[in-house]
Amino acid sequence: MYNKKCTMDNDMNEDDRGFWLFEPGASYTQKPNVVLEKSFDFSVRILKFYKWLCQHHRDIIPLAKQVLRSGTSVGANLEEADSAFSKKEFAAKVGISLKEARETKYWLRLLHATEYIDSSIFSSLCNDNDELIRLLNSILKTTRDNLK
């Protein structure tokens, strides 16, 4: 019987290993993008929040899924916007991110109003979400002004 553990280190020569470690364009350093970083961090928080809701409030899992979808969609749409082919496409994707952030705020307000989350959790998540909303509004306004 063959029981050799398959690992990249054992099964590849040095040239092959380099293929997996260094992707094309890896030497290119992209400048930091604050809104992408903040939206990613917010998505991580929303995912952890979703897990917490599922553990502590199983009766509202469908609502928790709504928060998960809208909260993580903000960053996903911004990533798409970052590779837009035109300013118009960029504006459209940022607009979708803004709508998702506003929807997330609605779900957070609902969870707080129905006492599924306390004021400290609500304030913390809402503050992060509001910061994203302000950034997205600013980006969208500037982009639309530049399209004129």
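Visitor: Good to know. How confident is the prediction, then, in terms of pLDDT?
Guide: The average pLDDT of the chain is 88, and 80% of the residues score at least 70. Helix H3, residues 34-56, has the highest confidence with a mean of 98. The lowest is in helix H1, residues 8-11, where the mean is 52.

Visitor: And what is the secondary structure of the chain?
Guide: There are 6 helices and 0 strands. Going along the sequence, you would read α-α-α-α-α-α.

Visitor: Back to aromatics. How many aromatic pairs does the structure hold?
Guide: It holds 2 of them. Phe-49 and Trp-52 make a stacked pair, with 6.3 Å from centre to centre and 10° between the planes. These two residues sit 3 apart in helix H3, so about one helical turn separates them.

Visitor: Is Trp-52 buried or partly exposed?
Guide: Trp-52 is partly exposed, with a relative accessible area of 28%.

Visitor: Tell me about Trp-107. Where is it found?
Guide: You'll find Trp-107 in helix H5, which covers residues 87-113.

Visitor: What does Trp-107 touch, leaving out residues up to four places away in sequence?
Guide: Trp-107 touches Leu-63, Gln-66, Val-67 and Ser-70. Gln-66 is 41 residues from Trp-107 along the chain, yet their C-alpha atoms are 7.5 Å apart. The side chain of Trp-107 also makes a polar contact with the side chain of Glu-103, at 3.0 Å.

Visitor: Let's zoom out to H5. How many residues does it have, and how far does it reach?
Guide: H5 has 27 residues and spans 39 Å from its first C-alpha to its last, close to the 39 Å expected at 1.5 Å a residue. After H5 comes Glu-115, which has a positive phi near 65°.

Visitor: What do the buried residues of H5 pack against?
Guide: They pack against H3, helix H4 (61-82) and helix H6 (119-147). The buried residues of H5 include Val-94, Leu-98, Ala-101, Trp-107 and Leu-111.

Visitor: How many residues are in the largest nonpolar core?
Guide: That core has 32 residues, and the ones with the most contacts inside it are Phe-49, Leu-53, Leu-78, Leu-111 and Leu-136. H3, H4, H5 and H6 each contribute at least two residues to this core.

Visitor: Which residues does Leu-136 touch, again setting aside residues up to four places away in sequence?
Guide: Leu-136 touches Val-35, Val-74, Leu-78, Val-94, Ser-97, Leu-98 and Ala-101.

Visitor: Last topic, the whole chain. What percentage of its residues count as buried?
Guide: Of the 148 residues, 33% count as buried. As for contacts with a separation of 6 or more, 72% are between residues 24 or more positions apart.

Definitions and conventions: Residues are numbered from 1 along each chain as its sequence is written. Side-chain values use heavy atoms; hydrogens and water are left out. pLDDT is the predictor's confidence in each residue, from 0 to 100. Helices (H or I, at least four residues) and strands (E, at least two) are DSSP runs, numbered from the N terminus. Contact means heavy atoms within 4.5 Å. A polar contact is a pair of N or O atoms within 3.5 Å; within protein, one must be able to donate a hydrogen and the other to accept it, and residues adjacent in sequence count only if both atoms are side-chain atoms. Rings of Phe, Tyr and Trp (its six-membered ring) pair if their centres lie within 6.5 Å; planes under 30 degrees apart count as stacked, over 60 as edge-to-face and the rest as tilted. Buried means under 20% relative accessible area, exposed over 50%, partly exposed in between (1.4 Å probe, protein chains only). The expected span of a helix is 1.5 Å times one less than its number of residues. A nonpolar core is a set of buried Ala, Val, Leu, Ile, Met, Phe, Trp, Tyr and Cys residues joined through side-chain atoms within 4.5 Å.
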